[in-house]
Amino acid sequence: MGRFIDFIRHANAVLPEGITDDRKRVLSPIGTRQARAFGEAWRIAREHYRHFILSGIDRTVDTAQHIMNVLGLGCQLHIVPAMFDPEKLDQDTAARQLLYKKLGSAPLAHYHDLAIGVMISLGLAAADKLQPIFRQHPNGNILVVGHGVYTNEVILDTFMRNLTSDMKDRLLNDPAL
């Protein structure tokens, strides 16, 4: 069996009472069950990951931790903060936030067609951090735990050049991961 790379969105998360900063969302009880169920499905399938790549935002770390706890495996964690909008606002932040609200979980092709300029910078920043991890660790299955559209943009900008045309089409037109 060859190596595989899975890309998922963090499990269901909520803002703690009185908090408005999206960076502070935490896993809900549903999210905890989702993460454990994901890990259980992979454990039953006898699949495993050697590497977890996360944005470092608490909800991605917690999702990965619950999955690892169920799998019972030692995995190497790689934190890639560039997978999430920069903490310091950039010239594209406002436009990206508007697009996230407008498009939600639409297939990636909708984001790509409407927002290439404002999304590509986020994806490229993450790609710069992800490519060395993939090169330095050529063996072992990888789970990337991201943030919906963020994950999709990372996939697009990191791997688009290496995909066949069929894979590109499927990636762009599949529902959000």
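Reader: How many aromatic pairs does a search of the whole structure find?
Author: This is a predicted model, in which local features need pLDDT of at least 70, side-chain atom pairs count only at pLDDT 80 or more, and totals for chains, interfaces and linings use all residues. Residues are numbered from 1 along each chain as its sequence is written, and side-chain values use heavy atoms, with hydrogens and water left out. Rings of Phe, Tyr and Trp (its six-membered ring) pair if their centres lie within 6.5 Å; planes under 30 degrees apart are stacked, over 60 edge-to-face, and the rest tilted. By this criterion, the number of aromatic pairs in the whole structure is five.

Reader: Why is the pair of tyrosine 49 and phenylalanine 52 classed as it is?
Author: The ring centres of tyrosine 49 and phenylalanine 52 are 5.6 Å apart and their planes stand at 75°, so the class of this pair is edge-to-face. Tryptophan 42 also pairs with tyrosine 49, at 5.8 Å centre to centre and 65° between the planes, and this pair too is edge-to-face.

Reader: Is tyrosine 49 buried or exposed?
Author: Buried means under 20% relative accessible area, exposed over 50%, and partly exposed in between (1.4 Å probe, protein chains only). Tyrosine 49 has a relative accessibility of 1%, and therefore counts as buried.

Reader: Which residues of the largest nonpolar core touch the most other members?
Author: A nonpolar core is a set of buried Ala, Val, Leu, Ile, Met, Phe, Trp, Tyr and Cys residues joined through side-chain atoms within 4.5 Å. The largest such core has 30 residues, and those touching the most other members are Ile53, Val80, Met83, Phe134 and Val144.

Reader: Which element gives the most to this core?
Author: Helices (H or I, at least four residues) and strands (E, at least two) are DSSP runs, numbered from the N terminus. Helix H3 (93-103), helix H4 (108-136), strand E6 (142-146) and helix H5 (149-159) each supply at least two residues of the core. With nine residues, the element giving the most is H4.

Reader: Where is arginine 46 placed?
Author: Arginine 46 counts as exposed, because its relative accessibility is 75%. Its phi is near 60°, a positive value in a residue other than glycine. Most residues other than glycine have a negative phi. The place of arginine 46 is the loop between helix H1 (29-44) and strand E4 (51-54).
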